Amino acid sequence: GTLLSCLVTALSFQTVDPDQFPMISDTFVYPPGNYISRWAGIIGCTYLQLANFCIVHCFKQHMRPFFYRLCGAISVIAAFALSVVVVVSENEDKNLHFPAAITFFGGYLLLIGLVPLGLYLNLKNNIREELQETLLSLKDKEKTSDNPKMGIKLFALWFFVACMTKVRYSESLVTYLHFPSISNDVRSVIAIIEWLDAMAILAFLFSMFIVFPKTLEKSQYVVRDVQIIPS
């Protein structure tokens, strides 16, 4: 919602170059996009951190301790980096904005790559889990059961898409080597690729509901049992 609303307002109020499709961060620079990113973006990052704990709970059931702890640490760091990206625009402090953006996109690229690897290694070496699947009743094998095998294929797909989107960083290489300026059409393609990268991360997160429905249902206690204690 934050990305879409910032994009719509940036195009409507013409706070971005009308001759090219904007990068995500370009929609955070001028009002009202910077107001939306600082408010809704931070709320989204807060929920993302909460989702990280639920996701790690899923990984804990289907991965070795080293893998799910590493994935948990990466997800927390990447989500924190995103909070910096939505608050500090490139016009305000590019030395803070760009490293945070690289940490976010790079962190989730690493996370999306580690998840199918961790699931695969666990399934390959966990003969007991295979035996348990054969002993489950038909009732337990309904759509509510987890499906890590499908997760390996699905997460590998999002990893491939995220890897392909990193071609956009060639713009930095062209600028650094002082080649002729890039045309607006090429810049628009690079911006669209960045948006696809963000969509791949969102698809990865929402895929958890497909791959780990049973574990996520059990992890609802994380949200349901939270109580606000009056000061």
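Buried here means under 20% relative accessible area, exposed means over 50%, and partly exposed is whatever falls in between (1.4 Å probe, protein chains only). With that settled, helix H1 has Thr2, Cys6, Leu7, Thr9 and Ala10 as its buried residues. The structure is a predicted model, so local features need pLDDT of at least 70 and side-chain atom pairs count only at pLDDT 80 or more, while totals for chains, interfaces and linings use all residues. Residues are numbered from 1 along each chain as its sequence is written, and side-chain values use heavy atoms, with hydrogens and water left out.

On the overall picture, the protein has 11 helices and zero strands; helices (H or I, at least four residues) and strands (E, at least two) are DSSP runs, numbered from the N terminus. Of its 231 residues, 44% count as buried. Contact means heavy atoms within 4.5 Å, and among the contacts with a separation of 6 or more, 77% come from residues 24 or more positions apart.

The buried residues of H1 pack against helix H2 (33-62) and H8. Ala10 sits in H1, which covers residues 2-12, and its 2% relative accessibility is why Ala10 counts as buried. Leaving aside residues up to four places away in sequence, Ala10 touches Thr15, Val16 and Thr27. Pro22 is 12 residues from Ala10 in sequence, with 8.6 Å between the two C-alpha atoms. Just after H1, Gln14 takes a positive phi of about 55°. Further on, Gln20 is found in the loop between H1 and H2. At 19% relative accessibility, Gln20 also counts as buried, and its contacts, again not counting residues up to four places away in sequence, are Asn184, Arg187 and Ser188.

Next come the helix pairs. Two packed helices are described by the angle between their axes and the distance between the axes. Axes are lines fitted to C-alpha atoms, for helices over the stretch in contact, and angles run from 0 to 180 degrees between N-to-C directions. For helix H4 (residues 94-125) and helix H8 (residues 184-206), the axes come within 11 Å and cross at roughly 45°. That makes H4 oblique to H8, given that angles under 35 degrees count as roughly parallel, over 145 as roughly antiparallel, 65 to 115 as roughly perpendicular and the rest as oblique. The H4 side of this meeting includes Phe104, Phe105 and Tyr108, and the H8 side includes Glu194, Asp197 and Ala198.

H4 also packs on H6, at an angle of about 155° and with the axes 8 Å apart. H4 and H6 are therefore roughly antiparallel to each other. Among the residues making the contact are Leu109, Ile112 and Gly113 of H4, together with Pro148, Ile152 and Phe155 of H6.

H6 itself runs over residues 148-165, and its 18 residues should span 26 Å at 1.5 Å a residue, which agrees with the 25 Å between its end C-alpha atoms; the expected span is 1.5 Å times one less than the number of residues. Buried in H6 are Pro148, Gly151, Ile152, Phe155, Trp158, Ala162 and Thr165. These cover an arc of only 150° around the axis, which puts them on the same side of H6, the arc being that of the directions from the helix axis to the C-beta atoms. Lys153 and Phe160 are exposed, on the face of H6 turned away from its buried side.
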